[in-house]
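Dear colleague,

Please find below the structure that I am handing over to you. My notes on it follow.

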Protein chains: 2
Amino acid sequence: MGLKILEAHKFDIEKFIENKHFEQNLDTSSEWIEKRTGIITRQFSDYGTDVMALNLAKKFKNNMENLDLIICASFSSKKRMPSVSNLVREELKNNPHCLCLDINLACSGFVAALLIAESYLLEGKRAYIFASEKISDFMDMEDRKTAILFGDGAGGVLVEKNNKLWKTDVASFSNENSLNLDENSKITMDGKKVYRFAIEEVLNSIKRLLNKNKFTGKDIDKMILHQANKRIIDHVVEKIGMDRKNCLLNLQKYGNTSAASIPLVIAENFALIKGGEKIILSGFGAGLSVVSVLMEW
Amino acid sequence: MGLKILEAHKFDIEKFIENKHFEQNLDTSSEWIEKRTGIITRQFSDYGTDVMALNLAKKFKNNMENLDLIICASFSSKKRMPSVSNLVREELKNNPHCLCLDINLACSGFVAALLIAESYLLEGKRAYIFASEKISDFMDMEDRKTAILFGDGAGGVLVEKNNKLWKTDVASFSNENSLNLDENSKITMDGKKVYRFAIEEVLNSIKRLLNKNKFTGKDIDKMILHQANKRIIDHVVEKIGMDRKNCLLNLQKYGNTSAASIPLVIAENFALIKGGEKIILSGFGAGLSVVSVLMEW
């Protein structure tokens, strides 16, 4: 059993911050940021996760009134009650018998939400899964290790349970202070630890997925990895031997938007991905966690 | 398909605040609080949701090293990265291929987590589901409508997927500013709206569950409702016509601990509930939401 993605959209912030913005206060350069991360611009939102989510929900053209599940993935939401998913259900005038959940598994949250939806839905039933992140609220703009990396964003997908290809892989490792955020504080990151984890374990996760279906990288039509760092993505693409152009990217534009990165890529490339294609999605980050899925589009 | 609860524990804070504590600063009395809510004492924790959760996890005697899922339900957690569920996985030395999730559906969060676990697990597989709430961080101690109601707490259950009775009911309604919490603020509540919702919709949810199995209240061996207010619980018990003593309570001791209230009741009454008994659990609150399950123990 699997999920069909019926529609995908992103919330438009329309205010892009260029790398050179950080040259003013940090010992860094536009070129260094682009070379080390692949990021050229990112967005910082004036709106909270709830407002971004409500505006995003309005973009959907399908009938959104008979969903069984609504999940908001976010680590940065300041809305504690009601949950953002509840507010979105109201906005969509969805029927009352819908489970609404806000979940937090940091950058792996969106793919984790897809796994939950796939197991929770009965065949033919629908869920709305979205991520809304306002990471700028928790960024230390004087820390050059993290200030340059993150951006705000929101993206979502309407899904329907079907009986197509659906293989999953989940892995969790010790966090060891590699990525931390407590309330009223700022994100701290041990970049080397996170990079090493991603290089090894995201690749391992995707290899396990391929093995489950006796696939090689050549069998994958499109891949969307969490948009953390272009070097991590390039490494995975090279090691599984897939065509570089089939790995979809937008981190050059949005930076690392945590759980929102994958739905943002899906929304921007929705017309490019054809029915029947074999797709890999993989979210990874704080936890340390990686959650991957191999699906037929 | 359903869930068997194999083990249940609570975190002991061991510091109880009596109603008379509130007489000093609020226009209220011990008798009024007890009469209107059923609450006599509650706990305020010196520890965060993460520390409570780590100590709770240590209490489990079963092998906790081969779980497929760990969920922390909380609306009050200040730990944003890594998620509390990830920290607990590490504490339990659980295998890496475990999905860890923090979820927020306020007071309905624990029962929602059970629904997610039941759909995600394969038969015979296990999950650890817990709630950890430090609500005192978000309470306005000068607001007599809310200061007297809430308490901190943590409780959890080890579950295994089985093929026994499992009927669920989910409902979500407009929040209409009835229960709100944004970051860096305090809980606000329109008590009348929440009370009216609970009186009507919790009862409706439980009636739908009974109807699904052609049960009456007399067929229910034990019931555990979210511990919000004794008058709500008494109303439901009376309307479905079940024996009062079979509705398990602890709000007189802990107050409203949000998602933690139901696992706290389960932990305290675990020896009382016998295999084969028909049990109803129902969480309800901000959203406004209600999530109920009818299960065979």
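**The contact between the two chains**

Between chain B and chain A there are 30 residue pairs in polar contact, both residues being at pLDDT 80 or more. A polar contact is a pair of N or O atoms within 3.5 Å; within protein, one must be able to donate a hydrogen and the other to accept it, and residues adjacent in sequence count only if both atoms are side-chain atoms. The pLDDT is the predictor's confidence in each residue, from 0 to 100.

Please note that this is a predicted model, in which local features need pLDDT of at least 70 and side-chain atom pairs count only at pLDDT 80 or more, while totals for chains, interfaces and linings use all residues. Residues are numbered from 1 along each chain as its sequence is written, chains are lettered from A and ligands numbered from 1 in the order in which they are written, and side-chain values use heavy atoms, with hydrogens and water left out.

As to confidence, the predictor assigns the complex an ipTM of 0.97 and a pTM of 0.98. Chain A has an average pLDDT of 96, and 100% of its residues score at least 70.

Four salt bridges are counted between chain B and chain A (a side-chain nitrogen of Lys or Arg within 4 Å of a carboxyl oxygen of Asp or Glu). B:Arg80 forms a salt bridge with A:Glu183, with the closest N and O atoms 3.2 Å apart.

**Strands across the contact**

Strand 10 (residues 179–182) of chain A pairs with strand 5 of chain B in the antiparallel sense over two bridges. Strands are DSSP runs (E, at least two residues), numbered from the N terminus, and two of them pair if DSSP finds at least two bridges between them. A:Asp182 stands opposite B:Lys79, and A:Leu181 stands opposite B:Met81.

Yours sincerely

Methods:
Helix = DSSP H or I, 4+ residues; strand = E, 2+ residues; numbered from the N terminus.
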